[in-house]
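Dear colleague,

I am passing on a structure to you, with some notes on what was found in it.

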Amino acid sequence: MGWKQMYAMGSDGAVNFTKISTRQAIGVSYAHSQFQMLAAALRFMFISAIFGCGSSTPDFPSTSQSSPTEAFETVKLFTDVTKHAGISFVHADGQRASYEFPRSMGSGCAWLDANGDDRLDILLIQGGPQSDTESPRLLAAVYLQKEDGRFADFSLEAGLMGSGYGMGVAVGDVDNDGDSDIYLPKYGPDQLFLNDGTGRFTDITQDAGIINPQWATAAAMTDLNRDGWLDVVVANYVDYFPGTFCADAAARQDFCGPQDFRGTPNRVFMNLGRSDDGKVHFEDRSAASGLASLPSKSLGLVCRDFDNDGDTDIFVANDGEANQLWIQNEETFTDEAFVRGVAVNRFGEPEANMGTLIGDFSGDGQLDLLVTHLSGEMNTLWQGDARGYFMDQTSRFRMGAAGLAQTGFGIVASDLDCDGRLEILVANGKVKRDRHRIFSGGDFWAAYAERNQIFLARDSDLQEFRDGNAGFTGPEEVSRGLATGDFDQDGDQDLLVTSIGVPARLYRNDAVRTGHWLSVRPYDPERKRVSYGAKVTVIAESRSWSAEIIPHTSYLSSLEPLAHFGLGAVSILTSVEVVWPDGPFMVEVFVAPATDQRVELIRGSGIERRTASVEEVP
């Protein structure tokens, strides 16, 4: 099943469809971490007691809380098709038994169409070499999808070569030529690769003016100044010194945490477009924009218009420090995280903020912010309003308490069964060893391994489920990257997962479908690419659904850039609206497509345009 393009209604009223195919300080004891968990649980109970009845605040779904002895209901959701699909990637995690800090933090993954054949391909980030060598090597594996749905290893031909320890990935078309380019943030100088349209890449880092020697983690491609060219925002982590010795309370060596090092400034590279030589160039405006004024220890990014004033703002998830929410005013940024309620949790405490997720989890039509955390801390949800202010409502969104015993990194939301309600999936893995599992020459990472989690919408609740030993929650690994994408184009979201030192996993969504669906790709023909930052609203008689094209959420990963909607029992739509992120803020209205298909909305071909209201601006 390929994409269908949506064009304007003709003069005869007919609709034309043209088918195209961590974290704890040195010496902090296990007992202290248990105390943190107990304290967090007591806080949760306290808040629930205060706000559980008679509150005017909208209720969030509740979730069953996990305990070591609790039995979870098992449902059939995902099938591990990694081997059958032809994917043989194994994450290289550096030297065995080494406690160099970067080993515990990476690496990510991405969905992209690398060769322009309208089939999703896979990119998997490598960590570090097994020796001290710094000679150029493959930084990432690229697997191209074939006509039969399997994948072929194209890594050598793709040519993503370099040095350093791989962390994240950002995917986008920086030169507006119709293909996906790649930015690789890492421990070691970052690199920008230009795609020739066939999935072969050229390193243009130096020529493009990209210089970032700090330890970079996440990156995002987004149009900050609305000029039609994708800029690059980079989250930098700590000023780590290799060879630093860190230990647990028993003086046994373990991975360092962010509190042992200084933070570093984040970066903004503004895309200047093509110059006279035909090449794309960037300018480092980190200092001029204000983003570099506050060094931080950053792991996650969300770039979108938080305050609905027409320009892109930047949320930065910081590890063990207050988060930052950089509000833009004509290409300069001011950190308003404290004012807007997302700097710390409701107790005024900074947390180990890692993975990021944006979505309407409260059902009020406004986008909320969900961030994963270290074990002993709840995964925090901030409920948003139309003005860009947030309130920590984790106690009402009780999935937060279910994460107390896990360390969450990657996080995604998807309507897995298309019933009209979002489910949430979390990739887990410790950064400090479990004291009951000590490395003694066997599996080094066994002392850090955890199960992943799935929270399904059931009636008015979000409940934790298992999907069997062969599913997403089956293996106990040290998972990091997590990305959704519909690789088989069957109308539901599949999963790509990366974990430290083991094979990546491709999970096919085999959930029983209970409703209709629609997948929308907003396409800008002038820029020859999917419109990052576009807001898509699907409208039916009884309700509507909205989503924004933000592929750089989760943790160190890039999601398929489309809006997927589970519609439940709704089989007939009235219209689809798109607010484009650059140029005049106009709502473009498209004729209602049939449900249960993938459609591509072409900018400028809608049946109506009107000025966007404040609530509609993405």
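Asp-277 is found in the loop that connects strand S16 (267-274) with strand S17 (280-284), where helices (H or I, at least four residues) and strands (E, at least two) are DSSP runs numbered from the N terminus. Asp-277 counts as partly exposed because its relative accessibility is 47%; buried means under 20% relative accessible area, exposed over 50%, and partly exposed in between, with a 1.4 Å probe and protein chains only. Together with Asp-203, Asp-207 and Asp-276, Asp-277 forms a negative surface patch. Patches are made of residues with over 30% relative accessible area and no salt bridge, like charges being joined within 9 Å and nonpolar side chains (Val, Leu, Ile, Met, Phe, Trp, Tyr) within 5 Å. The place of a charge is taken as NZ of Lys, CZ of Arg, CG of Asp or CD of Glu, and Lys and Arg count as positive and Asp and Glu as negative, while His and the chain ends are not counted.

Please keep in mind that this is a predicted model, in which local features need pLDDT of at least 70 and side-chain atom pairs count only at pLDDT 80 or more, whereas totals for chains, interfaces and linings use all residues. Residues are numbered from 1 along each chain as its sequence is written, and side-chain values use heavy atoms, with hydrogens and water left out.

As for the chain overall, the secondary structure comes to 6 helices and 43 strands, and buried residues make up 61% of the 618 residues. The protein chain exposes about 22400 Å², of which carbon and sulfur atoms supply 51%; accessible areas come from the Shrake-Rupley method with a 1.4 Å probe, and for residues only the protein chains shown count as cover.

Strand S32 (residues 479-485) runs antiparallel to S33 and is joined to it by 5 bridges, with Ala-483 standing opposite Leu-496; two strands pair if DSSP finds at least two bridges between them. Strand S34 (residues 505-509) is also antiparallel to S33, through 3 bridges, and Tyr-507 in S34 is the bridge partner of Leu-495. S33 and S34 form a hairpin with 5 residues between them, and Gly-501 in the turn has a positive phi of about 75°.

The count of salt bridges comes to 30, a salt bridge being a side-chain nitrogen of Lys or Arg within 4 Å of a carboxyl oxygen of Asp or Glu. Asp-248 and Arg-433 meet in one of them at 3.1 Å, N to O. This pair links distant parts of the chain, 185 residues apart, with Asp-248 in the loop between strand S15 (231-236) and S16 and Arg-433 in the loop between strand S27 (423-428) and strand S28 (450-451). Both Asp-248 and Arg-433 are buried.

Another salt bridge joins the side chains of Arg-603 and Asp-524 at 2.9 Å, N to O. Arg-603 lies in the loop between strand S42 (597-602) and strand S43 (608-611) and Asp-524 in strand S35 (residues 516-524), so this pair ties together parts that are 79 residues apart in sequence.
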